[in-house]
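Take a look at the protein below. Keep the sequence and the 3D view side by side as you read.

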Amino acid sequence: MTLTLVSTSRSFGGEQRVYRHASTATGTDMEFAAYLPREALRGEACPTLFYLSGLTCTWQNATDKAGYQRLASMYELIVIAPDTSPRGDDVANDEAYDLGQGAGFYVDATETPWAPHFNMETYVTDELYRLVAGELPVWEGAVGITGHSMGGHGALTLALRHPDLFRSVSAFAPITNPLDCPWGEKALGAYLGSDREKWAEHDACALVKAHGWSSDILVDQGTSDGFLSEQLKPWALEAACREAGVDLTLRLQGGYDHSYNFISTFIEEHFAWHAERLAG
């Protein structure tokens, strides 16, 4: 598989790059951002952190707003930020912001018209994971995942579904219980059909109760987040982790909302947290 370098920019001694490649998982061209610290530029193997973005976003929201490049340089982390869905004129879409392009929910769709292209779980955990490991100096076995909102849902569910791939997981304001929130019900119903048992395979609360998690989990959630009560429901994840005996650190941050101002405030603590676990 051929990577095309779209852009590169020097940042904190490393490079913020954007790559494009033809994806077999989605049947489209896909772009992703990759930050390489100076150690990676020298060819040294580095721990790697996947960052999954939320509804309506691309990789650019993370690279331009999260302020992670300084932290990736400090903690010697490669950071991979994929897009949130396949895109293109031939790719199914919806007029609403919470379905279709920009809203892949990190699942493999089985329903028409989404199934031909919306295979974001396979894209992230198989195709992109292997591509990054093969083309960049990734320290084998030292890979973590984090994300925001829909991307927080993706980080939690992909880690819980693929514990052999990810050693650490955290999230910012994640959709924790899509079985019981409007965003989740709409997206999972469209992509996976009406069988709620299939939905449960992509619900962090159901997954942690069914399979557990061998390490700990970090979640930050703003208390002034307008989506907190109806869409995000972190207390559901807290209850599920308590029932499963999983060590969850849920931090409710007073006065913070759902924006990248919230993420950029606490992202350093997440990077330090992942760096400690990935170095172990």
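## Ground rules

This is a predicted model, in which local features need pLDDT of at least 70, side-chain atom pairs count only at pLDDT 80 or more, and totals for chains, interfaces and linings use all residues. Residues are numbered from 1 along each chain as its sequence is written, and side-chain values use heavy atoms, with hydrogens and water left out.

## The whole protein

The protein has eleven helices and nine strands. Both are DSSP runs, numbered from the N terminus: helices are H or I with at least four residues, strands are E with at least two. Along its principal axes, the C-alpha trace spans about 50 × 40 × 35 Å.

Of the 280 residues, 59% count as buried. Buried means under 20% relative accessible area, exposed means over 50%, and partly exposed lies in between (1.4 Å probe, protein chains only). The accessible surface comes to about 10,900 Å², and 46% of it belongs to carbon and sulfur atoms. Such areas come from the Shrake-Rupley method with a 1.4 Å probe; for residues, only the protein chains shown count as cover. Now take contacts between residues at least 6 apart in sequence: 71% of them join residues at least 24 apart. A contact means heavy atoms within 4.5 Å.

## The cavity

How many cavities of 30 Å³ or more does the structure hold? It holds one. On a 1 Å grid over the protein atoms alone, a cavity is a set of points where a 1.4 Å probe fits but cannot get out; lining residues have an atom within 4 Å of a point. The largest cavity contains about 30 Å³ of space. Grid points are joined across faces, edges and corners, and the volume is the space filled by probe spheres set on the points.

The lining consists of Thr 48, Phe 50, Tyr 129, Val 132, Ala 133, Val 138 and Val 143. Strand 4 (46–52), helix 4 (120–135) and strand 6 (138–147) each supply at least two lining residues. Helix 4 gives the largest share, three residues. By type, six lining residues are nonpolar, one is polar and none is charged. Here Ala, Val, Leu, Ile, Met, Phe, Trp, Tyr, Cys and Pro count as nonpolar; Asp, Glu, Lys and Arg count as charged; the others, Gly among them, count as polar.

Gln 253 sits in strand 9 (residues 247–253). Is Gln 253 buried or exposed? Gln 253 is buried because its relative accessible area is 14%. Setting aside neighbours within four places in sequence, Gln 253 is in contact with Asp 220, Gln 221, Gly 222, Thr 223, Phe 262 and Phe 266.

Arg 251 is also in strand 9. Arg 251 has 22% relative accessibility, so it counts as partly exposed. Beyond residues up to four places away in sequence, Arg 251 touches several residues, including Asp 220, Gln 221, Phe 266 and Glu 269.

## A residue in helix 6

Leu 188 lies in helix 6 (residues 182–192). Its relative accessibility is 0%, so Leu 188 counts as buried. Apart from neighbours within four places in sequence, Leu 188 is in contact with Val 107, Pro 178, Gly 193, Trp 199 and His 202.

## Loops and backbone

The loop between strand 5 (78–82) and helix 4 holds Pro 113. A cis peptide bond joins Thr 112 and Pro 113, with omega about 5 degrees. Phe 105 is found in the loop between strand 5 and helix 4. Phe 105 is not a glycine, yet it has a positive phi of about 60 degrees. Phe 105 is buried, with a relative accessible area of 0%.

Glu 76 lies in the loop between helix 3 (69–74) and strand 5. The phi of Glu 76 is positive too, near 55 degrees. At 38% relative accessibility, Glu 76 counts as partly exposed.

Gly 27 belongs to the loop between strand 2 (14–22) and strand 3 (29–36). Gly 27 is exposed, at a relative accessible area of 53%. Gly 27 and His 117 are 90 residues apart along the chain, but their C-alpha atoms are separated by 5.9 Å.

Terms used
1 Å grid on protein atoms, 1.4 Å probe; cavity = no way out; pocket = protein on both sides within 12 Å on 5 of 7 lines; lining within 4 Å.
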